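Please find below my notes on the model that you asked me to look through. They are arranged by region, so that each point can be checked against the coordinates on its own.

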Amino acid sequence: MSKPLISVIVPTFNRSQMLTQCLHALERQTVLPQEFEVIVVDDGSTDDTAMAVAGLTMPFHVKYVRQANAGPGSARNEGIRHATGELVLFIGDDILADPRLIESHLAAHATRSDPGVAILGHIDWPPGMSRSAVMDFVCGPATLQFAYAFIPDLPTLDFRFFYTSNISLKRQFLLEAAADGVTFDPDFTAAAFEDSEFALRLERRGLRIVYAADALAYHDHWMDLDSFSRREYAAGRMAVVFYRKHPQIDDQLQVRWIGDWTDAIDELTTRPDLQSRLRALDEHTGTFLRSLVQTLGDLADSPDARGTRAP
């Protein structure tokens, strides 16, 4: 069998149903099935992920790889080792590919021979998904998850735009980097900052990120205040890992203040009475914020007296 043009790497952990939808979306690609392969790297799932993948019959080749739980970065490293395509496309298990996703990545690379070029595709919410106020804010004015709104005003895209939900590179570039020890850092055990930190080190080897708006994928991941708060908690932990590895770029990361709190946190662990009061305050604050979000969501969905949507 001839080698595929592109290897799609999908790390996954305990989200078998979501992964199945991700793989079914890849069935609808406009390129021929033999032109790509999909490598599912199971990061130590304890659900039925292995059986779910084994039970699928796909027109393209699916390679299932399992590793002990070590985080999405380590899973991508494993996926690169198993890839055989000329290109590697990273997506997430909660990503639904537009039918022209792979075609658009292939076309973008075809006109760019630079070995270090990375094609960044666009990520949006699935059409028809009922969005919460939190989702609109996170990917809207706050740009807390994706910052596409800034791209038209930027002369170049730096490491912070290396979104492994939809980005492709030449496999040889990644292999040569790995041979020199430049891989996704396993110290990033959660899905946050492991991709941008990897990109920061790749920049020294010639990484250049190019945005291709037509390489479209959908982020099938509904969020409310609680789920987004859990994500941000993990992101905060990984931001400190990033800062400690690269303190010289904190003007871009702006997370030193989190790392500077570690001594205070160590002191707090010796004060169980204070911890108890802080937890009570946190619970009351959380209740207030949930109520506020619900109120804003209700206002946004309610027509005013003139029959138009309230601001």
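The numbered points below take up the basis of the model, the strands, the helices, the aromatic residues and the backbone.

1. This is a predicted model, in which local features need pLDDT of at least 70 and side-chain atom pairs count only at pLDDT 80 or more, while totals for chains, interfaces and linings use all residues. Residues are numbered from 1 along each chain as its sequence is written, and side-chain values use heavy atoms, with hydrogens and water left out.

2. Strand β2 (residues 36-43) is mostly covered, with 8 of its 8 residues buried; here buried means under 20% relative accessible area, exposed over 50% and partly exposed in between, with a 1.4 Å probe and protein chains only. Helices (H or I, at least four residues) and strands (E, at least two) are DSSP runs, numbered from the N terminus.

3. V8 has V38 of β2 as its bridge partner. From β1 the chain passes through helix α1 (residues 16-26) to β2 in a right-handed β-α-β crossover, a term that applies if, with the strands pointing away from the viewer, the path from the first strand over the helix to the second runs clockwise.

4. β2 also pairs in the parallel sense with strand β3 (residues 61-67), over 7 bridges, and V38 stands opposite V62 in β3. T49, which is found in helix α2, is buried with a relative accessible area of 0%. Leaving aside residues up to four places away in sequence, T49 touches T12, N14, R15, S16, L19, D42 and Y64, contact meaning heavy atoms within 4.5 Å.

5. In helix α1 the buried residues are S16, L19, T20, C22, L23, A25 and L26. Their cover includes β1, β2, α2, β4, β5 (95-97) and α4 (101-110). Within strand β4 (residues 87-91) lies V88, which counts as buried at 0% relative accessibility. Its contacts, not counting residues up to four places away in sequence, are I6, S7, I9, A83, I167, S168, L169, R171 and L174.

6. Helix α12 (residues 272-301) has 30 residues and reaches 43 Å from its first C-alpha to its last, close to the 44 Å expected at 1.5 Å a residue; the expected span is 1.5 Å times one less than the number of residues. Its buried residues are Q275, G286 and G297, and what covers them includes α5 (133-138) and α11 (262-268).

7. How many aromatic pairs does a search of the whole structure find? The search finds 12, where rings of Phe, Tyr and Trp (its six-membered ring) pair if their centres lie within 6.5 Å, and planes under 30 degrees apart count as stacked, over 60 as edge-to-face and the rest as tilted. One of these is the edge-to-face pair of F146 and Y163, at 5.1 Å centre to centre and 65° between the planes. Both residues lie in the loop between α5 and β7 (166-170), so the pair ties together parts that are 17 residues apart in sequence. F146 and Y163 are both buried.

8. The rings of F193 and F242 have their centres 5.9 Å apart and their planes at 70°, so this pair is edge-to-face. It links distant parts of the chain, 49 residues apart, with F193 in the loop between α6 (171-179) and α7 (194-203) and F242 in helix α8 (residues 225-245). F193 is partly exposed, with a relative accessible area of 26%, whereas F242 is buried at 0%.

9. Two residues deserve a look at the backbone. N14, in the loop between β1 and α1, has a positive phi of about 55° although it is not a glycine, and N14 counts as partly exposed at 30% relative accessibility. F193 likewise has a positive phi, near 70°, in a residue other than glycine.

Definitions and conventions: Pairing = 2+ DSSP bridges.
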